[in-house]
Amino acid sequence: MDTEQHTPRRSRIAILWRGDAAARREATPHNNRFVRVFEALEASGIEACPVVYDESFADAVRDQLLTMDGVLVWVDPIHQGKTRAALDPLLREVASKHPTQHPWVSAHPDVILKMGVKEVLYRTRHLGWGADTHRYATADAFRAEFPSRLRTGGPRVLKQNRGNGGQGVWKVEALPNADATVRVLHALRGSQPEEMPLDAFIAHCEPYFGWGGCIIDQAFQPRLPEGMIRCYVSGSKVAGFGHQLIKALIPPPPEGPDAPEAQPGPRIMHGPDAPQFRTLRRLMEDEWIPQLMATLVIDEASLPVIWDADFLYGPRDADGADTYVLCEINASSCFAIPDEAPAAIAQTVKERVRRSMESVR
Ligand SMILES: Nc1ncnc2c1ncn2[C@@H]1O[C@H](COP(=O)(O)OP(=O)(O)O)[C@@H](O)[C@H]1O
Ligand SMILES: [Mg+2]
């Protein structure tokens, strides 16, 4: 019998992001954008290991992940033409070996498919953050329902279910006296408004029913020029805010999309206690996050260690106070983050590690 006293082994957590073979060879905890996260985990007594992923060396990544207690993932749904079509099954596979001795994954692909897709806007439209929102499950439903909604509902914003960086997000407006023609503007940087037959635009959107599955249709929020409020969350607790004067879906000035006025402003970061966001924090922590978890059936331990909810200002209420409309949730690759967030991530990771140790005992 082994009677020796063992000091518990330090937990090992992978930090995974996308890169090529050279990036994989050269990655250390100090030479990449996650350096503060590495430092916060180390300060909490957790060993954090860089794991650079690409499809071309997926097997080596899988082997490496299977030696870890946890995996924190920062990979966008679409990056320079590459998707997560191969990464998600790999992450599911390594996570499925849990809890015998293999790692938990944040954000787990199944959790991303619930909260990190545009469909979340539809499934949570009854929450206080919801706007007038519809979902088209098929190209036929889209063709049948969208034209009348566009005529009666004012400008709309269409979003492919899974995307980032403005890809597949469109503002669509009916033109007066031209029933069959629309003005559209893509949210991708550098886009210009275009007028085209509604039929042609609808046909253009049909590929969105492929990979992502559906199209979400949300009322355009006219307070867009007042900027976006990104609420950062670790687990179920707010970890900070970012406010940014974004330019996507705002028509560029006459000088064109390269003009300085057409560029987004900097994102100004704030800690979780910032007084101007006190109401939003309370709404998130006390109402909307618990309601999101209940609606989507996500338990607290499965919420990503870092995610964000992006808000646009909604119409002012009867007292003139701001309201907030959910624009999207980012759960795949939430970065950059406020200065306060790495410590919050480390705290959440520590709790997860403790919980997962308990579950294997
Ligand atoms: N309902 C809306 N009203 C006004 N602008 C919107 C609306 N939804 C999205 N936008 C604009 O489009 C941009 C991209 O949309 P978003 O839902 O954030 O998708 P993604 O960032 O994944 O491409 C936002 O940053 C915002 O500028
Ligand atoms: Mg966005």
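**Ligand 1**

I started with the shell of ligand 1, where V157, A187, Q221, A248 and E328 come nearest among the 21 residues around the ligand. I note here that the model is predicted. Sorting the shell by residue class, I got eleven nonpolar, seven polar and three charged residues.

I then asked which strands each supply at least two residues of this shell. They are strand 8 (156-160), strand 16 (307-314) and strand 17 (323-330). By domain, I find at least three shell residues from domain 2 and at least three from domain 3.

**Domains**

I looked up how the protein chain is divided. Domain 1 covers 12-107 and 348-360, domain 2 covers 118-129 and 223-331, and domain 3 covers 133-219. How many residues of domain 1 are in contact with domain 3? I have four residues of domain 1, in contact with five of domain 3. On the domain 1 side of this contact, I count two nonpolar residues, one polar and one charged. The centres of domain 1 and domain 3, taken over C-alpha atoms, are separated by 36 Å.

I also checked the UniProt record, an unreviewed entry, which lists "domain: DUF6815" at residues 226-335. In the model, I find that residues 226-335 are 17% helix and 31% strand. The end C-alpha atoms of that stretch lie 22 Å apart.

**Nonpolar core**

Next I looked at the largest nonpolar core, which has 88 residues. Which of its residues touch the most other members? I noted I15, C231 and F311.

**Backbone exceptions**

Most peptide bonds are trans, and most residues other than glycine have a negative phi.

I found a cis peptide bond between S106 and A107, with omega at about -10°. A107 sits in the loop that runs between strand 6 (104-106) and helix 5 (109-115).

I found another cis peptide bond between F335 and A336, with omega at about 0°. I place A336 in the loop between strand 17 and helix 10 (341-360).

Q80 is not a glycine, yet I read a positive phi for it, near 45°. Q80 belongs to the loop between strand 4 (78-79) and strand 5 (82-83). Is Q80 buried or exposed? I record Q80 as exposed, because 6 other C-beta atoms lie within 10 Å.

L249 also has a positive phi in a residue other than glycine, and I read that angle as near 70°. I find L249 in the loop between strand 14 (237-244) and strand 15 (268-270). L249 counts as partly exposed, because it has 19 C-beta neighbours inside 10 Å; the cut-off for buried is 20 or more.

**Exposure and separation checks**

Q263 is in the loop between strand 14 and strand 15. I count Q263 as exposed because it has 12 other C-beta atoms within 10 Å, and the cut-off for exposed is 12 or fewer. From Q263 to N177 I have 86 residues in sequence and 33 Å in space, C-alpha to C-alpha.

A203 lies in helix 8 (residues 198-205). I record A203 as exposed, because it has 12 C-beta neighbours inside 10 Å. How many residues along the chain lie between the positions of A203 and R143? I get 60 residues apart along the chain, with the C-alpha atoms separated by 8.7 Å.

D339 is in the loop between strand 17 and helix 10. I have D339 as exposed, because 11 other C-beta atoms fall within 10 Å. D339 and A86 are 253 residues apart in sequence, and I read 32 Å between their C-alpha atoms.

R354 is a residue of helix 10. I list R354 as exposed, because 11 other C-beta atoms lie within 10 Å. Between R354 and A200, which are 154 residues apart along the chain, I read a C-alpha separation of 55 Å.

Methods. Residues numbered from 1 in each chain as written. Chains lettered and ligands numbered in written order. Predicted model: local features only at pLDDT ≥ 70, side-chain atom pairs only at ≥ 80, totals over all residues. Core = buried A, V, L, I, M, F, W, Y, C linked by C-beta atoms within 7 Å. Near = placed C-beta within 6 Å. Helix = DSSP H or I, 4+ residues; strand = E, 2+ residues; numbered from the N terminus. Nonpolar A, V, L, I, M, F, W, Y, C, P; charged D, E, K, R; others polar. Domains from an automatic or database assignment. UniProt positions renumbered as here; feature names shortened; annotations may be inferred. Contact = placed C-beta atoms within 7 Å.
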